[in-house]
Amino acid sequence: MYRKIFFNKIEKFNMSRRKRNNNEQLNPMHFIQKMLSTKETYCKYKNEGCNWKGLLKDLNYHLDNNCPKEKVNFVYKECKEKINRDYLDKHKLICNYRKILCEDCKMEICFIYLNEHRKKCPKFKIFCYQNCDLYLERRYIEQHIKEDCPNTIFNCDFM
Ligand SMILES: [Zn+2]
Ligand SMILES: [Zn+2]
Ligand SMILES: [Zn+2]
Ligand SMILES: [Zn+2]
């Protein structure tokens, strides 16, 4: 009985000590974080050529908004490539998702879909399927074949 009380006391003592230690550990951490946030730092892309230097607390803002070396992706929303911010302008010129004007229907198409579009663009000119040598916009072909292609064989009711 006496022993048990004794051990309880020790246990309580240890617990209160642990608590105090925890508090003491927390406070210096806060202190260090405060120190760091007002500390000057270089950009994490310094070695890649970004010369930014500023407060640690501003680093994220710099990376998100104007670091030339941060990998970003907002040229065209379809493009999933990550590109250095300072390379964006060049990437815009070669990106597969850059907008190209279809010469025939004047619609804006992503470069990567242009070939596909040309295969069904209504104003793209093609030869008549029935080899009558007529060359006309795709959208008129069906009508031409139905109505005036010399190679269409019409069923004659009188024969
Ligand atoms: Zn930077
Ligand atoms: Zn791209
Ligand atoms: Zn087109
Ligand atoms: Zn024809």
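## Order of helices and strands

Read from one end of the sequence to the other, this predicted model runs through the pattern α-β-β-α-β-β-α-β-β-α-β-β-α. In total, the chain contains five helices and eight strands.

Burial and contact range can be set beside this pattern. Of the 159 residues in the chain, 3% count as buried. Where contacts join residues at least 6 apart in sequence, 3% of them link residues at least 24 apart.

## Confidence along the chain

The average pLDDT of the chain is 83, and 77% of the residues reach a score of at least 70. Confidence is lowest in helix H1, which covers residues 2–37 and has a mean of 61, whereas the highest value, 96, belongs to strand E8, at residues 135–137. Where pLDDT is low, the predicted coordinates should not be read in detail.

Once neighbours within four places in sequence are left aside, Glu78 is in contact with Tyr97 and Cys110. For the pair Glu78 and Tyr97, which stand 19 residues apart along the chain, the C-alpha atoms are separated by 6.6 Å.

## Two loop residues with positive phi

Lys106 belongs to the loop between strand E5 (99–101) and strand E6 (108–110), and its phi is near 65°, a positive value in a residue other than glycine. Lys106 counts as exposed because it has 8 C-beta neighbours inside 10 Å, with the cut-off for that class set at 12 or fewer.

Asp133 is found in the loop between strand E7 (125–127) and strand E8, the latter being the element in which confidence is highest. Although Asp133 is not a glycine, its phi is positive, at about 75°. With 9 C-beta neighbours inside 10 Å, Asp133 is therefore counted as exposed.

Terms used. Residues numbered from 1 in each chain as written. Chains lettered and ligands numbered in written order. Predicted model: local features only at pLDDT ≥ 70, side-chain atom pairs only at ≥ 80, totals over all residues. Contact = placed C-beta atoms within 7 Å. Helix = DSSP H or I, 4+ residues; strand = E, 2+ residues; numbered from the N terminus. Buried ≥ 20, exposed ≤ 12 C-beta atoms within 10 Å, placed from the backbone. pLDDT = per-residue confidence, 0-100.
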